[in-house]
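Please consult the sequence and the structure as you read.

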Amino acid sequence: MRHRFIYPTIVALLLGIVATAAAIKSHNDARLAANTLVTDVSQTVLVNWDPDLILKNAHASLLEVSDANFYQTYFNALRRLGTLETLDEASFTLDLPPFWKFWDTNASTASYTLKATFSEGDANITIRLLREDGRWWFTEYLVLTALMAA
């Protein structure tokens, strides 16, 4: 009688292991995709002072607050910072759904803070992301520097 429960128990355990592994992989993939997006876009945008990559990856909520013309003007003014020397001291937080909801790709957000050194001054970069339909989108991208206040 006990033998007939062994195979269903083994199958249930294997399914649990596979589901847990899939959830962990999904979380790792989401984290890696967010980090890659932030790194690639920041290194391109802060070197060229061209916000096109931000705008191509902008969530509709970002463009409701500030349109493409604003970002062109904003990054044109940021050229006063000069050339990018270092981009470091990154800190980030990811808010991902719990493991048992790994298929829910619309419940994720991320926040990043980067420190950048340019030839003419320092800046803090604040970035916020939203994951929608399995893809990360910018909801905020700000370069904060005392040089802009001068």
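Q: Which elements are included in what covers the buried residues of α1?

A: This is a predicted model, in which local features need pLDDT of at least 70 and side-chain atom pairs count only at pLDDT 80 or more, while totals for chains, interfaces and linings use all residues. Residues are numbered from 1 along each chain as its sequence is written, and side-chain values use heavy atoms, with hydrogens and water left out. Helices (H or I, at least four residues) and strands (E, at least two) are DSSP runs numbered from the N terminus, buried means under 20% relative accessible area, exposed over 50% and partly exposed in between (1.4 Å probe, protein chains only), and contact means heavy atoms within 4.5 Å. The cover of the buried residues of α1 includes α2 (52–56), α4 (68–78), β1 (84–95), β2 (108–118), β3 (121–132) and β4 (135–144).

Q: What distance does helix α1 reach from its first C-alpha to its last?

A: Helix α1 comprises residues 3–48, that is, 46 residues. The expected span of a helix is 1.5 Å times one less than its number of residues. For α1 the expected value is 68 Å, and the helix comes close to it, reaching 68 Å.

Q: Is W49 buried or exposed?

A: W49 is placed in the loop between α1 and α2, and its phi is positive, near 55 degrees, in a residue other than glycine. Its relative accessibility is 5%, so W49 counts as buried.

Q: Is D133 buried or exposed?

A: D133 is not a glycine, yet has a positive phi of about 55 degrees. This residue is found in the loop between β3 and β4. Its relative accessibility is 65%, so D133 counts as exposed.

Q: How many residues apart in sequence are the parts that the pair of W49 and F75 ties together?

A: The structure holds ten aromatic pairs; rings of Phe, Tyr and Trp (its six-membered ring) pair if their centres lie within 6.5 Å, with planes under 30 degrees apart counted as stacked, over 60 as edge-to-face and the rest as tilted. One of them is the tilted pair of W49 and F75, at 6.3 Å centre to centre and 40 degrees between the planes. W49 lies in the loop between α1 and α2 and F75 in helix α4, so the pair ties together parts separated in sequence by 26 residues.

Q: Which strand holds F118, the partner of W49?

A: W49 and F118 form a tilted aromatic pair, 5.2 Å centre to centre with 35 degrees between the planes. Both W49 and F118 are buried. The pair links distant parts of the chain, 69 residues apart, and F118 lies in strand β2.
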